[in-house]
Amino acid sequence: MSELAVLKRHTNNIRKNIVKMVTEAGSGHPGGSLSSVEIVTAIYFTQMNINQDNLASNKRDRFVLSKGHAAPLLYAVLAEKSFLEEEELLTLRKLGSRLQGHPSMNLLPGVDMSTGSLGQGISCAVGMALSNKYHGLPYRVYTVLGDGECQEGEVWEAAMSAAHYNLDNLVAVVDFNGLQIDGKVSDVMNPAPFEDKFKAFGWNVLTVENGNDIEQVIKALESAKTMTGKPTAIIANTVKGKGVSFMEDKAGWHGVAPSVEECQQALKELEGNE
């Protein structure tokens, strides 16, 4: 099986686990978790030097899920990397579970930052990248933001700081699916054009026309490695709820769990992609 085929198998299994765990929990955020699958899969499986043996080490790359409500995605990816058992995914949001509704670095190895309050994740990622620069460490920091999250002023304070300190070891990917809990991002508070804004703040900017095409995502991430002197922002155009037909491009699936019947339908569709 080719490397690309293996990656696509990972993305499909991650999507199935997202649907199953949110259904079991009866709450959660499937839409934005599904839209970012290729982005986070590409980061974890093709970019980061992270494995079971170096989780506790400062000598590895870091990942911050700035859009912390997409925690089901992060947990599903960690399970796919064998950092936790798939069975534990079904404890999402349950009392006593390590898998909280938003990621907690104090509960689960492999979660590099507790996130949820929008805008704070990228700020923490900037701090991590700055620390690596200060100590002369070669490790990179990756963070994924939501497009609606970019309505937060803290995002742009972080962007200004990252460029000021020439953090070329930082990559921020914006999951541009165009929808947030209240509807279209452009209607609620339009943060676009992202490319122009990040360039104005001094970033290297790359655009991925189809952020649900993992080959395109990998190409952009590889290009980011060649940039010196500037942080890189990757604007990835995605589809909210990608992979589940009745969720795709629907703002209503931002934070609603599927019913058992809807879960079965979604899994049937995803199994058809195998």
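This is a predicted model: local features need pLDDT of at least 70, side-chain atom pairs count only at pLDDT 80 or more; totals for chains, interfaces and linings use all residues.
Helix α4 spans residues 71-80. Of its 10 residues, 10 are buried, so the helix is largely enclosed by the rest of the structure. Ser 82 follows α4 and has a positive phi, near 70°.

The packing of α4 with α1 (residues 3-25) was examined in detail. The two helices meet at an angle of about 130°, and their axes lie 9 Å apart. The crossing is right-handed. On the α1 side, the contact involves His 10, Asn 13, Ile 14, Asn 17, Ile 18, Met 21 and Val 22. On the α4 side, Pro 72, Leu 73, Tyr 75, Ala 76, Val 77 and Glu 80 take part. By class, this contact comprises nine nonpolar, three polar and one charged residues.

Nonpolar side chains tend to be buried together in soluble globular proteins. In this model, the largest nonpolar core holds 57 residues. Ile 43, Tyr 44 and Phe 63 touch the most other members. Helix α4 supplies the largest share of this core, eight residues. Beyond residues up to four places away in sequence, Ile 43 touches Met 48, Phe 63, Tyr 142, Val 144, Val 173 and Leu 221. Another core, of 26 residues, lies apart from the largest one. Its members include Val 64, Val 155, Trp 156 and Val 205.

Definitions and conventions. Residues are numbered from 1 along each chain as its sequence is written. Side-chain values use heavy atoms; hydrogens and water are left out. Axes are lines fitted to C-alpha atoms, for helices over the stretch in contact, and angles run from 0 to 180 degrees between N-to-C directions. Helices (H or I, at least four residues) and strands (E, at least two) are DSSP runs, numbered from the N terminus. A crossing is left-handed if the near helix is turned anticlockwise from the far one by less than a right angle, and right-handed if clockwise. Contact means heavy atoms within 4.5 Å. Ala, Val, Leu, Ile, Met, Phe, Trp, Tyr, Cys and Pro count as nonpolar, Asp, Glu, Lys and Arg as charged, and the others, Gly among them, as polar. A nonpolar core is a set of buried Ala, Val, Leu, Ile, Met, Phe, Trp, Tyr and Cys residues joined through side-chain atoms within 4.5 Å. Buried means under 20% relative accessible area, exposed over 50%, partly exposed in between (1.4 Å probe, protein chains only).
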